[in-house]
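Let's take a walk through this two-chain model, with a look at how the chains meet and what sits inside.

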Amino acid sequence: MREHEIYARWLAAGTRIAFAVLLATFLVYMLGLLEPLVSPRELARLWALPADKFVAATGAPTGWRWLGFLGKGDYLNFIGVAALASISIVCYARMIPTLPKLQARLAAIQVAVLLVAAVL
Amino acid sequence: MEWWIWPIALFVATFAMGIVAVLAGVGGGVLFVPIVSAFFPFHLDFVRAAGLMVALTSALSAAPTLLSNGLANLRLAMPLALVGSITSIVGALVGLALPTQAVQVALGLAILAIALVMWRSGRSEHPHVRRPDALSSALGMHGVYHDPALGREVGWQVHRTPLGLVVFGAIGVLAGLFGLGAGWANVPALNLLMGAPLKLSVGTSGFILSVVDTSAAWVYLNRGAVLPIVVVPSLLGVMLGARVGARLLPRTPAHIVKRLVLAVLVLAGARSLLKGFGI
């Protein structure tokens, strides 16, 4: 079916790109090419805290505020993470015009649900 | 201990998990959270977020081939993924709001239950569906796929769709709450409950997982629960391990590996329970 082919093609390309970005940015982080918000040594003291306490202790960004921290080595990695979490949204949206009416509605609702999750 | 030992240890552990997961026919996501939360120093919030990313990336990587081969079906997956993705948001929000010890105890119980499901659940290659239900017919949840082992086209249809939607809703809550990959539950639900052929169930399960885990992953990401130093070595380890596992698969006795996985899950579940009770 045409929708399967389209979804598969976009998914394969998207996953490859997102994974490559994630690896490249992690290399930047680990090589210390960009100063991180939380140094790895400091991180090792704090990673046993719950997420809310970690955020309070480090000033780490929540929501989409990480976009303002892309100059930091650790948060640069969020480009790849967010890309991986966005692929399904893009693939569903791309597939909608190829689907019959009922399935197109389901796909549109699915896109809306994933977008809500992305901004919650 | 020096900080850099932990990401390296994580890579080694997840590499082994990736191999074992393929050999035992389970998703790497179901092993990740129990083992890493039991034996590594990271808080459960960060482990669950990384677990979702591991399960999500594994599912995303496999889905294109499964879709192209017709072994994952969008019409079968879409309604179930929609329900699961809504409830996984709820599960993730609840999981991040509950006290850690309560989640740890619930996780221990869930892991022990998963081990039981894996041990007891049967499988049916081509379940007999006498008549599709009205909802599955309306949603177009039927079709034909090519089975390379049989060398012919296999027709399929499903039944008990309303109950299937409820079950996938519950699976979504568990996925969001615990950050677990849910193939262990998706496959029996599709195969034994709804009557989809086994191969189609396995392929479609991976697709559903990629959507359900996406919505939960966003919740964890937005709450600051994603640490790249935990996520990236884990992704690399599981994905490289899965490649090695796929090569070892033809000459490894699957039933022995599966018993090993069950033993590890029971151990990790018991450890999680003890941690939850502060022991």
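First, some housekeeping. This is a predicted model, so local features need pLDDT of at least 70 and side-chain atom pairs count only at pLDDT 80 or more, while totals for chains, interfaces and linings use all residues. Residues are numbered from 1 along each chain as its sequence is written, with chains lettered from A and ligands numbered from 1 in the order in which they are written.

**Where the chains meet**

The contact takes 45 residues from chain A and 47 residues from chain B, where two residues are in contact if their C-beta atoms, placed from the backbone, lie within 7 Å. On the chain A side, H1(A) (2–30) gives the most, with eleven residues. Helices here are DSSP runs (H or I, at least four residues) and strands likewise (E, at least two), numbered from the N terminus. By class, this side of chain A has 33 nonpolar, eight polar and four charged residues. For these classes, Ala, Val, Leu, Ile, Met, Phe, Trp, Tyr, Cys and Pro count as nonpolar, Asp, Glu, Lys and Arg as charged, and the others, Gly among them, as polar.

Here are two helix pairs that pack across the chains. Axes are lines fitted to C-alpha atoms, for helices over the stretch in contact, and angles run from 0 to 180 degrees between N-to-C directions.

| Pair | Angle | Axis separation |
|---|---|---|
| H5(A) and H3(B) | about 55° | 11 Å |
| H6(A) and H9(B) | about 25° | 7 Å |

H6(A) is therefore roughly parallel to H9(B), whereas H5(A) and H3(B) are oblique to each other. The cut-offs: under 35 degrees is roughly parallel, over 145 roughly antiparallel, 65 to 115 roughly perpendicular, and the rest oblique.

From H5(A), the residues touching H3(B) are A:Val81, A:Leu84 and A:Ile87, and they meet B:Met53, B:Leu56, B:Thr57 and B:Leu60. That contact has six nonpolar, one polar and no charged residues. The contact of H6(A) with H9(B) has seven nonpolar, three polar and no charged residues.

**The core**

Which residues have the most contacts inside the largest nonpolar core? They are A:Val81, B:Phe46, B:Met53 and B:Tyr220, in a core of 137 residues. Such a core is a set of buried Ala, Val, Leu, Ile, Met, Phe, Trp, Tyr and Cys residues joined through C-beta atoms within 7 Å. Its largest share, 16 residues, comes from H3(B) (residues 44–68). Leaving aside neighbours within four places in sequence, B:Met53 is in contact with A:Val81, A:Leu84, B:Ala217, B:Val231 and B:Leu235.

B:Val47 is also found in H3(B), and it is buried, with 26 other C-beta atoms within 10 Å. "Buried" needs 20 or more such atoms, "exposed" 12 or fewer, and "partly exposed" falls in between, with C-beta atoms placed from the backbone. The C-alpha atoms of B:Val47 and B:Val226 are separated by 8.6 Å, although these residues are 179 residues apart along the chain.

**An enclosed helix and a loop residue**

Nine of the eleven residues of H8(B) (183–193) are buried, so this helix is largely enclosed by the rest of the structure. Its cover includes H2 (28–39), H5 (100–120), H7 (161–178) and H9 (198–222) of chain B. After H8(B) comes B:Gly195, with a positive phi near 85°.

B:Arg160 has a positive phi too, about 55°, although it is not a glycine. It lies in the loop between S2 (152–157) and H7 of chain B, and is partly exposed, with 18 other C-beta atoms within 10 Å.
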